[in-house]
Amino acid sequence: MAPSSAQETSAASAAPEAVIEVRDLCAHYGALQVLHGVSLAVMRGEIMVIMGGSGSGKSTLLRHLIGLQRPSGGSLALLDRDVTRLGELEYIALRRQMGVAFQGGALFSSMSVAENVKLPLREHGRLDEKTMDIIARLKLEVVNLAGYGDFMPAELSGGMLKRAAVARAIVLDPKLLFFDEPSAGLDPAVSAALDDLILKLRDAMQMTIVVVTHEIESAFKIADRIAILDHGRILAVDTPEGLRRSGNPRIQNLLCRQAEEVEIDPASYLRRLAGEA
Amino acid sequence: MISSVESLGRRAVRGLDEVGFAGVLFGESLFWTALGARWGRPVHLPAVVFQMMEMGIRALPIATLLSATVGLMLAIQSLYSLGLFGAESFAHVGIALSVIREFSPLIIGILVAGRSGSALAARLATMSINQEIDALRVIGINPVRHLVAPALLAMLVVLPALTMWANLVALGAAGLYVSAALDISLAAYASGTVEVLSPGDLWHGLGKSLLFAVLIVLVAVVNGARVSGGAEGVGRVTTTSVVQAISAIVVTDMVFAFVVTQ
């Protein structure tokens, strides 16, 4: 029996909505192709972790997602806008709804922490100084950095720098939040606190979060789904449990941190050394 | 043979690429300065003032010292060379024209290229390595409007101003030496100097300093933006920036003097 139209509407509204849609994305550095037709959809309110070994293309994929590189092929839609067709001003407007926390924080060293957090407000809003101060203080409280607004970035530890970067990334209450290697270089306790912060942001602020990481423990703790990249191609997209059960040896190698056998051809190695290849 | 030709070709292409990039940066800076406010994205005045303080006010002591030294050196050499013909009384002519038209813009240009051009290249290179430039872009801030345009505007004000100051200091120092050596009053020396100079001489020097300002900023930004590697890369682009800026200043100075005096 065919479902009624009311049932169809209800089912459609309950279906998860993709807020990031990557289709057949290709990326090149000169003649070298780094991404080979990557397709990925991230649903509203989920935490998608992108994992992969070194050189798998995960950082390149992130740079495309946050608009630092334009794809050489395929399409990329953020919040229903095809970014490959957006002009400069339209892209700037879209960026108000995106926040990015970079691997090293990327705080501006000449500004205090509070000034760093206020910069997006200053750029995109027309708020008075007092309101911006209040918002910056609130965001610093969210990331447990209350009272550190007057510090300079050089005076903060690695974990505090990353949390300050998160405060700057969420100051405009973005719908999409991107993290580049949030756990890199942190001790386990600080890393776990940052994982909790990511979960808190998703739950409390209903953000859709994309995390690029190679920290397996962190990925399995925070991810709703994990996309595994391998040599510029998506190897699998699944829940953490689904990946654990996967019979794919490459996935198991990555998850179990087993080194892959790399066969070296002595002749081609010598040619490379001599600069002939 | 082929590899050296190939290397030469690659360098030429890279050079052209950098010149093109500098042209785009210059055009974009002018665009944001002229039209940024209309789009609600102005070049921020505090950033320009900050750069002016860094490039101008903080350079005043060393600019004063160098200008005074150049003025004294010119006075000593002029009196010696003109003394060979018994023409010491004409020393003020050579000193005034060479200070205003040549030495002040050149010395200040080289000083600022070494001091502020290197600082700008190092700052941009460090920001690039620390992903601060990427952070600006994802926040939606155009890096040219935020970083390049304020530096360019500040330099266009500061370099001519420092050149004017250097004119005064160098002529003053030369005047003190010449008046003491020839036993004439400083007022008489100053009067003779003013008589010799025309507004065209002043504009000749200031025109050069405006060109040098553009060169110093663009060379610094092009090098800073193309950094690769870590601290070593920052050091390399900083050195390259200073060498290229000083070379560009000296060559431009010669071309400008040749074109204007024809």
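Here are a few friendly notes on the two chains of this predicted model.

1. First, some housekeeping. Residues are numbered from 1 along each chain as its sequence is written, and chains are lettered from A and ligands numbered from 1 in the order in which they are written. As the model is predicted, local features need pLDDT of at least 70 and side-chain atom pairs count only at pLDDT 80 or more, while totals for chains, interfaces and linings use all residues.

2. Chain A has 11 helices and 10 strands (DSSP runs numbered from the N terminus, with helices being H or I of at least four residues and strands being E of at least two). Of its 277 residues, 37% are buried, meaning that 20 or more other C-beta atoms, placed from the backbone, lie within 10 Å of a residue's own.

3. Chain B has 9 helices and 0 strands, reading α-α-α-α-α-α-α-α-α along the sequence. Its C-alpha atoms fill a box of roughly 65 × 55 × 35 Å along the principal axes, and 43% of its 262 residues are buried.

4. On contacts (C-beta atoms, placed from the backbone, within 7 Å): in chain A, 64% of those between residues at least 6 apart in sequence join residues at least 24 apart. In chain B, residues 24 or more positions apart account for 85% of the contacts with a separation of 6 or more.

5. Do have a look at helix H4 of chain A, residues 113-124. Its buried residues include A:Val113, A:Val117, A:Leu119 and A:Glu123. The buried residues of H4(A) pack against helices H5 (129-142) and H6 (158-169) of chain A, and also against helix H5 (132-139) of chain B.

How values were computed:
Buried ≥ 20, exposed ≤ 12 C-beta atoms within 10 Å, placed from the backbone. Contact = placed C-beta atoms within 7 Å.
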